[in-house]
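Here's a quick tour for anyone meeting this structure for the first time. Have a look at the sequence and the fold, then read on.

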Amino acid sequence: MDVPTGPTGATGAAGTAATITVSGTSTGLPGSLASVQETVTPTGASLFFSIPAGPTGPVGSAFLSAYGAFVSNTIRTITAGGQVILDAQSAGKGMSFTSGSSTVTIATPGVYVIDYSVRTAAGAGATIQLLVNGTAVANSNLVLATAASQATGFTIVSLSAGDTVSIGVTGVNVTLAGGTNAFLNLLCVA
């Protein structure tokens with residue numbers, strides 16, 4: 001038996017749009033399933049999510065596994081071909097230094113950010129350079145334009161345990177200025 005379809009009725013009034021809200025989230029136990037709880041409201045729904053915690057990750061490497069800050073405060077003349085004598089270490093870990101020496105010896109291998117500076121009272125035309133094991137680091141040469149100058153450099157270099165780092169002077173002799181006249185900062189970043 002077929003029932004005939006009746007006429008189409010009148011269009012109803014526009015309804016109110018539903019509102020979906022998130023009432024909160026929680027961290028479930030590792031290995032549990034994610035879940036969503038829905039609460040129906042007169043105007044829509046409210047959702048609460050539970051997301052399982054992931055497994056504990058591996059222990060990361062310690063940041064700042066090695067660092068050092070070294071300064072010179074003594075007025076002295078450094079002969080061309082010599083190295084700047086450093087008087088004091090203000091901080092350090094993963095390297096060794098003897099006050100009154102020119103070299104810092106690396107104990108912790110890694111990639112280091114190094115900044116260095118020399119302030120002079122005499123020595124126009126001298127070149128200041130960062131040395132690793134007594135050899136100039138590429139692109140580390142800083143030329144003193146005038147007698148009373150300050151030359152500051154920055155580089156990133158890979159160092160091995162046992163490597164030595166120092167600040168060298170070439171070209172002409174320099175006389176360091178009064179006050180803090182040189183610094184060498186090393187920071188292992190990888």
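Helices (H or I, at least four residues) and strands (E, at least two) are taken as DSSP runs and numbered from the N terminus. This is a predicted model, so keep in mind that local features need pLDDT of at least 70 and side-chain atom pairs count only at pLDDT 80 or more, while totals for chains, interfaces and linings use all residues. Residues are numbered from 1 along each chain as its sequence is written, and side-chain values use heavy atoms, with hydrogens and water left out.

**The three-stranded sheet**

- Strands S1, S3 and S2 line up in that order as an open sheet with mixed pairing; two strands count as paired if DSSP finds at least two bridges between them.
- At the edges sit S1 (19–28) and S2 (35–41), each pairing on one side only.
- On average, neighbouring strands here are turned by 15° against each other, direction ignored; such axes are lines fitted to C-alpha atoms, for helices over the stretch in contact, and the angles run from 0 to 180 degrees between N-to-C directions.
- S1 goes parallel with S3 (residues 44–52) over nine bridges, and Ile20 has Ala45 in S3 as its bridge partner.
- S2 and S3 run antiparallel over seven bridges, with Glu38 partnered by Leu47 in S3.

**Strand S4 and its neighbours**

- S4 is largely enclosed by the rest of the structure, because five of its six residues are buried; buried means under 20% relative accessible area, exposed means over 50%, and partly exposed is in between (1.4 Å probe, protein chains only).
- S4 is joined to S6 by five bridges, antiparallel, and Ala69 stands opposite Ala91 in S6.
- S4 also runs antiparallel to S16, with six bridges; Gly68 has Leu186 in S16 as its bridge partner.

**The aromatic pair**

- Rings of Phe, Tyr and Trp (its six-membered ring) pair if their centres lie within 6.5 Å; planes under 30 degrees apart are stacked, over 60 edge-to-face, and the rest tilted.
- That rule gives one aromatic pair.
- Phe70 and Phe97 have ring centres 5.0 Å apart and planes at 55°, so the pair is tilted.
- The pair ties together distant parts of the chain, with Phe70 in S4 (residues 67–72) and Phe97 in S7 (residues 95–97), 27 residues apart.
- Phe70 and Phe97 are both buried.

**The salt bridge**

- There is one salt bridge in the structure, meaning a side-chain nitrogen of Lys or Arg within 4 Å of a carboxyl oxygen of Asp or Glu.
- Asp87 and Arg76 make it, with their closest N and O atoms 3.1 Å apart.
- Asp87 is in the loop between S5 (77–78) and S6 (88–93), and Arg76 is in the loop between S4 and S5, 11 residues apart.
- Asp87 counts as buried at 18% relative accessibility, whereas Arg76 is partly exposed at 22%.

**The nonpolar core**

- A nonpolar core is a set of buried Ala, Val, Leu, Ile, Met, Phe, Trp, Tyr and Cys residues joined through side-chain atoms within 4.5 Å.
- The largest one has 32 residues, and those with the most contacts inside it are Tyr112, Ile114, Leu159, Leu184 and Leu186.
- Among the elements giving two or more residues to this core are S9 (110–122), S13 (150–159) and S16 (182–188).
- Leu184 touches residues including Phe70, Ile114, Leu130 and Val165, not counting residues up to four places away in sequence; contact means heavy atoms within 4.5 Å.

**Loop residues to look up**

- Thr79 is in the loop between S5 and S6, and it is partly exposed at 49% relative accessible area.
- Leaving out residues up to four places away in sequence, Thr79 touches Val169 and Asn173.
- Most residues other than glycine have a negative phi.
- Asn133 has a positive phi, near 55°; Asn133 lies in the loop between S10 and S11 (135–136) and is partly exposed at 43%.
- Asn139 also has a positive phi, about 60°; Asn139 sits in the loop between S11 and S12 (142–143) and is exposed at 81%.
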